[in-house]
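Please keep the sequence and the 3D view at hand while reading.

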Amino acid sequence: PVDIRRDFPTAPAGALVIPSPDYVIPAASERQFCTITTYDGPDVGITAQYNYQTRNGHHVTIFGTNTTPRDLADGDQWDCTETDDLDMTSMEPIIIGGSIEYDDEGVINTFELPDGMAAPLRNGQRIILQSHYLNVTEDDILVRDEAHFVLVPEEDVTTWTSAFVNTVTNFTIPANTPEYTLEFDCGFDDTYELLFVGGHLHEWGTAFRT
């Protein structure tokens, strides 16, 4: 494969760094790869995330899961392109969102919470790092990702935050329909304060509006 792996910036002092293994993305293909680890530090809050991808990356995301080490050991990696390959229980994002920027090195996703806010990270939390790539070149490529998370002690957190994701997949686009729009609502019975709202599309999406 063509080696296009990037160098990563130095992580902030005391940050949790989660690297991906090296992945080979076949020519003219779309792949998602996953690797799993366990957080073994004290209970803390995450105040910022900086996710770095090699060129051709679409996203890198961390999920919490209660999958046991007996099922998947720390360091295990697998092709999770198909939904059936992510048959985990309680697989939920720990922190997600922010801005996405592209440069010659690749992709960076930055999300910084306001002072006093943090997402919880508990000792023993199992973490899946998911890397999504679209290789539109004629060569296999060698890539890697890295996630940096800025941590603070629990006593420094005044407001805990949490990610909520609503995924809609049960729709059908009629044949020969150049402009198809899907609209849906997401209702809440309780009152919440929303800090960040965003959308996300994969292969058939062209635009979204919230």
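## Salt bridges

D74 is partly exposed, with a relative accessible area of 45%. In this predicted model, the side chain of D74 meets that of R126 in a salt bridge, with 2.7 Å from N to O. The pair links distant parts of the chain: R126 lies in strand 12, D74 lies in the loop between strand 6 and strand 7, and 52 residues separate them. R126 has a relative accessibility of 6%, so this residue counts as buried. Side chains of opposite charge can pair when their charged atoms come close.

The structure holds six salt bridges. Another one of them joins D79 and R31, whose closest N and O atoms are 3.6 Å apart. D79 belongs to strand 7 and R31 to strand 4, so this pair ties together parts that are 48 residues apart in sequence. D79 counts as partly exposed at 32% relative accessibility, and R31 is partly exposed at 26%. R5 and D3 also meet through their side chains in a salt bridge, at 2.7 Å from N to O. R5 is partly exposed at 30% relative accessibility, and D3 is partly exposed with a relative accessible area of 44%. Salt bridges that share partners join D3, R5 and D22 into one network.

Five strands form an open sheet, and their order is 7-4-12-6-8. The pairing in this sheet is antiparallel. Which strands stand at its edges? They are strand 7 (77-79) and strand 8 (92-93). Each has a single partner strand, so one side of each is left without a neighbour in the sheet. Strand 4 and strand 7 run antiparallel and are joined by three bridges. C34 has W78 in strand 7 as its bridge partner.

An open sheet of three strands has the order 1-13-3, and its pairing is mixed. Strand 1 and strand 3 stand at the edges with a single partner strand each, so one side of each has no neighbour in the sheet. Three bridges join strand 3 to strand 13 (residues 141-143), and these two strands run antiparallel. The bridge partner of V24 in strand 13 is L142.

## Nonpolar cores

In soluble globular proteins, nonpolar side chains tend to be buried together. The largest nonpolar core here has 17 residues. Those with the most contacts inside this core are I18, I46, I95, L121, I127 and F149. At least two residues of the core come from each of these elements: strand 2, strand 5, strand 6 (57-65), strand 11 (117-121), strand 12 (126-135) and strand 14 (145-153).

What does F149 touch, not counting residues up to four places away in sequence? Its contacts are A15, L16, I18, I46, A48, Q49, N51, I62 and I95. A second, separate core has eight residues, including F63, W78, C80 and L86. W78 is also the bridge partner of C34.

## Aromatic rings

A pair of aromatic rings is described by the distance of the centres and the angle of the planes. The count of aromatic pairs comes to five. F8 lies in the loop between strand 1 (2-3) and strand 2 (16-19), and Y52 lies in strand 5 (residues 44-54), which puts the two 44 residues apart. Y52 has 9% relative accessibility and counts as buried.

The rings of Y23 and F33 have centres 4.6 Å apart and planes at 10°, so this pair is stacked. Y23 and F33 are both buried. Ring pairs also link F164, F188 and Y192 into a cluster. A charge is found over one ring as well: the charged end of R122 sits over the ring of W160, 5.3 Å from its centre.

Definitions and conventions:
Residues numbered from 1 in each chain as written. Predicted model: local features only at pLDDT ≥ 70, side-chain atom pairs only at ≥ 80, totals over all residues. Heavy atoms only, no water. Phe/Tyr/Trp six-rings, centres within 6.5 Å; stacked < 30°, edge-to-face > 60°. Helix = DSSP H or I, 4+ residues; strand = E, 2+ residues; numbered from the N terminus. Buried < 20%, exposed > 50% of the residue type's maximum accessible area, 1.4 Å probe, protein only. Lys NZ or Arg CZ within 6 Å of the ring centre and 35° of its normal. Pairing = 2+ DSSP bridges. Core = buried A, V, L, I, M, F, W, Y, C linked by side-chain atoms within 4.5 Å. Contact = heavy atoms within 4.5 Å. Salt bridge = Lys/Arg side-chain N within 4 Å of Asp/Glu carboxyl O.
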